[in-house]
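Please look over the structure shown here before reading on. The report then takes up selected parts one at a time.

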Amino acid sequence: MTTETCMPKHFLMCRPEHFAVEYAINPWMDPAKGADRELAIRQWETLKAAYEELGHQVSLIDPVEGLPDMVFAANGALVVDGRVYGARFAFPERGPEGPAYLRWFRDNGFGKTLEAGFVNEGEGDFLTLDDVILAGTGFRTDRSAHLEAQEFLGRPVVTLQLVDPRFYHLDTALFPLDGRNIAYYPGAFSLGSQEVLRRMFPDAIQATLADAEVLGLNAVSDGSHVVINVEANDLQLELKRRGYEVIPVDLSELRKAGGGPKCCTLEIR
Ligand code: ARG
């Protein structure tokens, strides 16, 4: 058993009260089509309820008017060993979210916080395993932030190059199954990074494009249960085959902004 296995987790989430698709900063977003906020809220409530049923603790940050993407809490920070590495967003539309999340942590007693000097979108591009933090770059997070996070957190950070604009954050292409293994969609990564992943994780689940295209890799595992988009059929079968309990959720409305279960979820470690 690894430390990431079967332990109750603590998540920070943000109710999508101001959710909308009113600008396009990734290929999923179409402001002309928009999104149904009421439906997004209902879908988000089922995700929160799923975590609570699994015994995880969910804390909430107040949504801020004018920040329609703030529901994607994963981007708000990276929290490891109680140290909070603040986000610095790539696009001005989301800029104020960084300080808002950092303020939440300061207000809630987290003394060790760092205002990042480099662009990084929190857990969207940093995924924490037992001995290593995997970090994405290519679309949002600057690789200098990888080094900054490594120095601040004292954990080794491995840089991975993202190459497909649909999978613009690491957490759209890869998720930790536990503290030692992952599932990922190889096509989202450069050839060199694919090789790194094969070397580091010979037993990983390699997901299909069909799974990736429904944001099936944007999943949250506690080592036993995997909360995952309902449409990710092949990946769900493979997870079951490997003994995981699969908890499918429908977040179709949030996907119109390019987000899934993991995007809505910031883990507090
Ligand atoms: N519309 C948001 C953006 O483009 C979606 C963020 C999704 N979050 C994530 N962790 N992948 O920034």
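## The model

This is a predicted model.

## The sheet S2-S1-S15

Three strands make an open sheet here. Their order is S2-S1-S15, and the pairing is mixed. Strand S2 (57-60) and strand S15 (266-267) stand at the edges. Each has a single partner strand, so one side of each lacks a neighbour in the sheet.

Strand S1 (residues 10-13) pairs with S15 in the antiparallel sense. The two are joined by 2 bridges. Within this pair, Leu-12 stands opposite Leu-266 in S15.

## The sheet S9-S10-S11

Another open sheet has 3 strands, ordered S9-S10-S11, again with mixed pairing. Its edges are strand S9 (174-176) and strand S11 (205-206). Each edge strand has a single partner, so one of its sides is left without a neighbour in the sheet.

S9 runs antiparallel to strand S10 (residues 182-184), with 3 bridges between them. Leu-174 faces Tyr-184 in S10.

Strand S3 (residues 77-80) and strand S4 (residues 83-86) run antiparallel. They are joined by 4 bridges. Ala-77 has Gly-86 in S4 as its bridge partner. Together S3 and S4 form a hairpin, with 2 residues between them. Asp-81 sits in that turn.

## Two positive phi angles

Most residues other than glycine have a negative phi. Asp-81 is not a glycine, yet its phi is positive, about 55°. The residue lies in the loop between S3 and S4. Is Asp-81 buried or exposed? It has 10 C-beta neighbours inside 10 Å, and a residue with 12 or fewer is exposed, so Asp-81 counts as exposed.

Leu-215 also has a positive phi, near 55°, and is a residue other than glycine. Leu-215 lies in the loop between helix H5 (209-213) and strand S12 (220-221). Here 28 other C-beta atoms lie within 10 Å of Leu-215. The cut-off for a buried residue is 20 or more, so Leu-215 is buried.

## Around the ligand

How many residues surround the ligand? There are 16. The closest are Phe-72, Ala-74, Gly-124, His-169 and Cys-263.

What kinds of residue make up the shell around the ligand? It divides into 6 nonpolar, 7 polar and 3 charged residues.

How values were computed. Residues are numbered from 1 along each chain as its sequence is written. This is a predicted model: local features need pLDDT of at least 70, side-chain atom pairs count only at pLDDT 80 or more; totals for chains, interfaces and linings use all residues. Two strands pair if DSSP finds at least two bridges between them. A residue is near a molecule or strand if its C-beta atom, placed from the backbone, lies within 6 Å of it. Ala, Val, Leu, Ile, Met, Phe, Trp, Tyr, Cys and Pro count as nonpolar, Asp, Glu, Lys and Arg as charged, and the others, Gly among them, as polar.
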